[in-house]
Amino acid sequence: MTEPRMTAAQAGAKRTVATQDKKGLGVQDLILIAVLLAAGAVLKLTLGTVLGAYGMKPNFIIAAYCLAIILIRPTIGQSLVIGLLAGLVCQIPMLNATPLLNIPSEVLGALACGLLIRVPMRIGGKLDANPLVTTFLSTCVSGLTFAALSSYINVVSTGADFGAAMVAYGAIVLGTATFNAIFVQVLTVPLRKVLKR
């Protein structure tokens, strides 16, 4: 016996309920955000320090909040809160030599990530390139915001050349964005399977 088809009104009501349910972050979402940000901080202090000695500058905290946003798919407002939390985590003295600049940079990076996760980027109908592209661009937004603020402070305090500082930062930001993008792309598929998302 076949089940009766849903009317358009019933389907619309079902979508409305699903949308309303997603407005708030669940306990599982909050735990995932906390775990990923903590893991990002630990990786930045350990593996990030080791890789930094070889000239690589990964930023695992940016990768962590991008991964959280990609997996959870929060609203724009919730993405901003995740970015704010990441910026606050960066205020731990061992994670940041320049206090407070991470707050606006991580908020803007998370905003970019929250907007970009809604853009379909499937290649050949199978490979979802969204995590790769979204993380790369979000890291660039965060990194260049940080670079601009830091360079401006240097110009005001020491009279340094803003353009030269931005060029130097730009190379670091592109390297970091590439590393983060690959890191998040590799982790997204297995984590989606584990979390059934």
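Tutor: Start with exposure: buried means under 20% relative accessible area, exposed over 50%, and partly exposed in between (1.4 Å probe, protein chains only). Phe 179 has a relative accessible area of 21%, so Phe 179 is partly exposed. This is a predicted model, in which local features need pLDDT of at least 70 and side-chain atom pairs count only at pLDDT 80 or more, while totals for chains, interfaces and linings use all residues. Residues are numbered from 1 along each chain as its sequence is written, and side-chain values use heavy atoms, with hydrogens and water left out.

Student: How many aromatic pairs does the structure hold?

Tutor: Rings of Phe, Tyr and Trp (its six-membered ring) pair if their centres lie within 6.5 Å; planes under 30 degrees apart count as stacked, over 60 as edge-to-face and the rest as tilted. The structure holds three such pairs.

Student: Where in the chain do Phe 60 and Phe 179 lie?

Tutor: Helices are DSSP runs (H or I, at least four residues), numbered from the N terminus. Phe 60 is in helix H4 (residues 60-72) and Phe 179 in helix H8 (residues 162-195), 119 residues apart, so the pair links distant parts of the chain. Phe 60 is buried, at 1% relative accessibility.

Student: Why is the pair of Phe 179 and Phe 183 stacked?

Tutor: Because their planes are at 15°, with the ring centres 6.2 Å apart. Both lie in helix H8, four residues apart, about one turn of the helix. Ring pairs link Phe 60, Phe 179 and Phe 183 into a cluster.

Notes:
Helix = DSSP H or I, 4+ residues; strand = E, 2+ residues; numbered from the N terminus.
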